[in-house]
Amino acid sequence: MSVKVYERILELFEAEGIKAIFGIPDPNFVHMFVAAEKRGWTVVTPHHELAAGMMAEAYARMNGTPAVCISTLGPGIALNAGSMMNSLVENSPVIYIGGQRARITERRVRRGRIQFIQQEALFKNSVKWSASIEYANQTDEIIRQALRVCQSGTPGPVYIEYPSNVILEDLDVPPALPPSSYRLVEPGADGDMVAKAIELIKTAECPVLLVGHAVQCTRSGQKVRELAELMGCPIVQTSGGTAFIEGVEDRTFPYMFSEVANEIVTMSDVVVAIGTEIGEPVHYGVGMYWKEGKVDRKWVYVELDAEAIGQNRPIDVPLVGDLRKVVPQLSAGLKDSPRAEHAELARWIEEDKQRLIALAEQDFSTPSGRVHTGQWVIEATKAMPEDAIHVRDGGCTVIFTWTYLQSKPRDVIWNQNFGCLGTGLPYAVGASIADGGKRPVLFTTSDSAFLYHIAELEVVQRFNLPMVIVVAVDNAWGLEVGVYKRTFGHGNTTEPGVHWSKNVRFDEIAKGHGCEGMYVEKGEDLGAAINAAFASGKPTVIHVPIDPVVNHGGNENKDTPNYDRFRTWYAEGQQ
């Protein structure tokens, strides 16, 4: 059959289950956008290319497939570059396609060319692989290689350049092949290694599952649930993997921010790590709580990237393969002889339940009368609908959320590894687009983070996404205020550059974008406001003034919850 290059690109992506495109169209892509819309794709055009990449990243996390982000030549792809770096560090399989001038223009020895830079070399260190469609008949091989690379080993972004001289060329090609015809789909682990892992689990005194973010991204929660139940064990979440698996929420505990989780770590004698890099936030599996208790514990590691085995800590049984295939391999080996539930599991569940109750019963009064950040988290997350997607952004507010979270959301989107502010609103859009706008989205954010991409409220309104955005407003870069105080002491500097206007009203800005806006001054009123906002069916922004001193840890900067534990993530250096 004869198709245009842009149509063939869409066909190849459709074979992988991709049905959305993020980006701002220009002459290089208007044909692709028209064709995508006719084929039933969701076409999302934001107001900034950086936001487009972040939307695509959230789509990939929620959909379990790669995502596609396009940018116009020159300034468009340059603005998109930050999201490439973000996708690389966050291990997100986003395919970035950049427009480019026709090659005859690019290869001229000329000055003063419009919207032109040599693009591909600029992004080499921000992606796993890059290529250019120089000739129309390269389309299939380049797109398929991009699909291979972004999903092989540690997932990550790729970049494809799309020169304007090939856009409208015709191709005579057969129907698109299924993924299994050109890449290894969900490889399993070595049988002997699986047998060794099963034997360790069967003979363990206290086996545990250490579960990371990739379980959510691969949509493998129910497979991990089955394994946890067969093992009769608790689940310890990494700080990047804070989504709870439906059906085993009560036996799931956050590493470092729950005393129960930390006790479990010290008691564990076999750890089955799934979907995690075993990185700094879990102290590489060797520091902090891992140095206590049964320090000779055995490690089973389910990991797609063979190069990751043994990098951060020794591994006793490496299970190299896709967790979507390997976890069921482990479950199959335990089905005939499932373990009884650990004798302490009921106690752990009750103690962690009491931890959450005690947090909510604190005295949250503040000298200023503004809302305490801990109460802001509690009231917002208590009001979260059970099936809601939770998106987080910010500095201090996220640190408070680790401690005070009252809900157990099944999907959580935030930015841990890159530590980048401003991802939240694009993430919330991309996650909701991937979900088809079916489930409610609660986005909790700080004012500073929200301002990065606040223009994307128009996209929220355009798609009428079921989103409630709760903004904690301290009129400052709260975490940076704390840095000044730790560095120089309270009152010893003017803290230049971290305080800003107190006249900004996010509820009014929301109305200007066609959304609803609410202003809530009392923490005890926040839950009702969130419930009313979701009931209205309209995207809503809730402005909540919070106490700035509480938010940055008090004037002596010592009261941020669990801040001393958070700082241990950086234990190998001064920062």
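Is Thr242 buried or exposed? Thr242 is buried, its relative accessible area being 8%, where buried means under 20% relative accessible area, exposed over 50% and partly exposed in between (1.4 Å probe, protein chains only). The model is predicted, so local features need pLDDT of at least 70 and side-chain atom pairs count only at pLDDT 80 or more, whereas totals for chains, interfaces and linings use all residues. Residues are numbered from 1 along each chain as its sequence is written, and side-chain values use heavy atoms, with hydrogens and water left out.

**Surroundings of Thr242**

- Thr242 is placed in the loop between β10 (235–237) and β11 (252–254); helices (H or I, at least four residues) and strands (E, at least two) are DSSP runs, numbered from the N terminus.
- Not counting residues up to four places away in sequence, Thr242 touches Gln237, Arg392, Pro409, Val412 and Trp414, contact meaning heavy atoms within 4.5 Å.
- With Arg392 there is also a polar contact, side chain to side chain, at 3.5 Å. A polar contact is a pair of N or O atoms within 3.5 Å; within protein, one must be able to donate a hydrogen and the other to accept it, and residues adjacent in sequence count only if both atoms are side-chain atoms.

**Salt bridges**

- The whole structure contains 29 salt bridges, each defined as a side-chain nitrogen of Lys or Arg within 4 Å of a carboxyl oxygen of Asp or Glu.
- One of them joins Glu14 to Arg39, with the closest N and O atoms 2.7 Å apart. Because Glu14 lies in helix α1 (residues 5–14) and Arg39 in the loop between α2 (30–38) and β3 (42–44), the pair ties together parts that are 25 residues apart in sequence. Glu14 is partly exposed at 24% relative accessibility, and Arg39 is partly exposed at 31%.
- Arg61 and Glu90 form a salt bridge through their side chains, at 3.1 Å from N to O. This pair links distant parts of the chain, with Arg61 in helix α3 (residues 49–63) and Glu90 in the loop between α4 and β5 (94–100), 29 residues apart. Arg61 is buried, with a relative accessible area of 2%, and Glu90 is buried, with 9%.
- Glu259 and Arg565 meet in a side-chain salt bridge of 2.4 Å, N to O. Glu259 belongs to helix α10 (residues 259–267) and Arg565 to helix α22 (residues 563–567), so the pair ties together parts that are 306 residues apart in sequence. Arg565 is buried, at a relative accessible area of 15%.
- A network of salt bridges links Arg8, Glu11, Asp140 and Arg144.

**Cysteines**

- The structure has zero disulfides, a disulfide being a pair of cysteine sulfur atoms within 2.5 Å.
- For Cys150, the closest cysteine sulfur is that of Cys217, 13 Å away and therefore too far for a bond. Cys150 is buried, with a relative accessible area of 0%.
- For Cys420, the closest cysteine sulfur belongs to Cys69, at 14 Å, which is also too far for a bond.

**Nonpolar surface patch**

- Met85, Val89 and Phe418 make a nonpolar surface patch of about 220 Å². Patches are made of residues with over 30% relative accessible area and no salt bridge: like charges are joined within 9 Å, nonpolar side chains (Val, Leu, Ile, Met, Phe, Trp, Tyr) within 5 Å.
- Val89 is placed in helix α4 (residues 75–89) and is partly exposed, with a relative accessible area of 31%.

Methods: Accessible areas come from the Shrake-Rupley method with a 1.4 Å probe; for residues, only the protein chains shown count as cover.
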